[in-house]
Amino acid sequence: MNQKKTMWEIRQAASPGTLDLYIYGDVMEDGYDWWRDEIIRSETSANTFREELSAHPDVKQINIYVNSYGGSVFEGTAIYNQLKRHPAHKTVYVDGFACSIASVIAMAGDEVVMPRNTLMMIHNMWMCAMGNAGELRKAADDLDTINAAGRQAYLAKSGDRLDEEALTAMMDEETWLTAEQCIQYGLADRYAEQEADMSGAAAVLQKANLTLEQRIGIQKSLAAQLRQLTQGDTGGPATPPSQGAKTNPIFTLFERR
């Protein structure tokens, strides 16, 4: 039975020349069925994205709506690069969470829009490795190189608002960033006119494998953002990222479930 895709969707928008892209779930690579000797296509793979995007060659505006915990860094990096080289104007709307590689995809936007009660999470990627001492040392060196390359997406978006040393420290700490902080660091451009529906935030945070203390800390941060909205407080400097609100490394080079 044919089911409508709910986590990932590309559709022609109502306005001519405009494409809406929804990334609502994990970014995952294609699989392979060894019994049937066939590729199992993931609806969130870079291959699927490339094929569907190529079906709309004349699009002038792409709206990208993100609510994702992250996923495969290889797939997400390819999606980011496909978007970056596409000639259309890209507007990213963070509809809840843009975590890990989903935050990298968001950096492809010419404009990134965040409601005040939404969050990004940035961190270093990890990988599984096995072998002798030399192979394990090489794996660590390779991971350093991959992380250094991955930081360039954030730096390209932030311009002179965020230097690599500060970004590296934030990624080392697996930092959650409010919309206000994202705008401060140049990772987002403006607030959305309305706050996002965060009624499912608790379930998202639980799936992210945070400790109870970390979930409480982030939920307090969301509550503080909502209080600012109701009180009309739009001024004041952004607060530094909370070093206590960090997550375990589950948004990875290789999925951990």
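Glu-111 counts as partly exposed, at 22% relative accessibility, where buried means under 20% relative accessible area, exposed over 50% and partly exposed in between, with a 1.4 Å probe and protein chains only. This is a predicted model, in which local features need pLDDT of at least 70 and side-chain atom pairs count only at pLDDT 80 or more, while totals for chains, interfaces and linings use all residues. Residues are numbered from 1 along each chain as its sequence is written, and side-chain values use heavy atoms, with hydrogens and water left out.

Side chains of opposite charge can pair when their charged atoms come close. A salt bridge is taken here as a side-chain nitrogen of Lys or Arg within 4 Å of a carboxyl oxygen of Asp or Glu, and by this rule the count comes to 4 salt bridges. Among them is the pair of Glu-111 and Arg-190, whose closest N and O atoms are 2.6 Å apart. Because Glu-111 lies in strand S7 (residues 111–114) and Arg-190 in strand S10 (residues 190–191), the pair ties together parts that are 79 residues apart in sequence; helices (H or I, at least four residues) and strands (E, at least two) are DSSP runs, numbered from the N terminus. Arg-190 is partly exposed, with a relative accessible area of 34%.

| Pair | N to O separation |
|---|---|
| Glu-111 and Arg-190 | 2.6 Å |
| Arg-151 and Glu-164 | 3.1 Å |
| Lys-157 and Asp-189 | 2.8 Å |

The side chains of Arg-151 and Glu-164 meet in a salt bridge, and this pair links distant parts of the chain, with Arg-151 in helix H4 (residues 133–158) and Glu-164 in helix H5, 13 residues apart. Arg-151 is buried at 12% relative accessible area, whereas Glu-164 is partly exposed at 35%. Lys-157 forms a salt bridge with Asp-189; Lys-157 lies in helix H4 and Asp-189 in the loop between helix H6 (179–184) and S10, so the pair ties together parts that are 32 residues apart in sequence. Lys-157 is buried, with a relative accessible area of 16%, while Asp-189 counts as partly exposed at 38%.

Strand S2 (residues 18–23) is mostly covered, since 6 of its 6 residues are buried. In a regular strand the side chains alternate between the two faces of the sheet. In S2 both faces are covered, with Thr-18, Asp-20 and Tyr-22 buried on one side and Leu-19, Leu-21 and Ile-23 buried on the other. Strand S2 is joined by 6 bridges to strand S5 (residues 61–68), and the two run parallel; strands pair if DSSP finds at least two bridges between them. Within this pairing, Ile-23 stands opposite Val-66 in S5.

In helix H1 (residues 46–54), the residues Ala-46, Thr-48, Phe-49 and Leu-53 are buried. They cover an arc of only 155° around the axis, which puts them on the same side of H1, the arc being that of the directions from the helix axis to the C-beta atoms.

Most residues other than glycine have a negative phi. Ser-100, however, has a positive phi near 55°, and its place is in the loop between strand S6 (89–99) and helix H3 (101–106). Glu-174 likewise has a positive phi, of about 50°, and is found in the loop between helix H5 (164–172) and strand S9 (175–178). Ser-100 is buried at 7% relative accessible area, and Glu-174 is buried at 15%.
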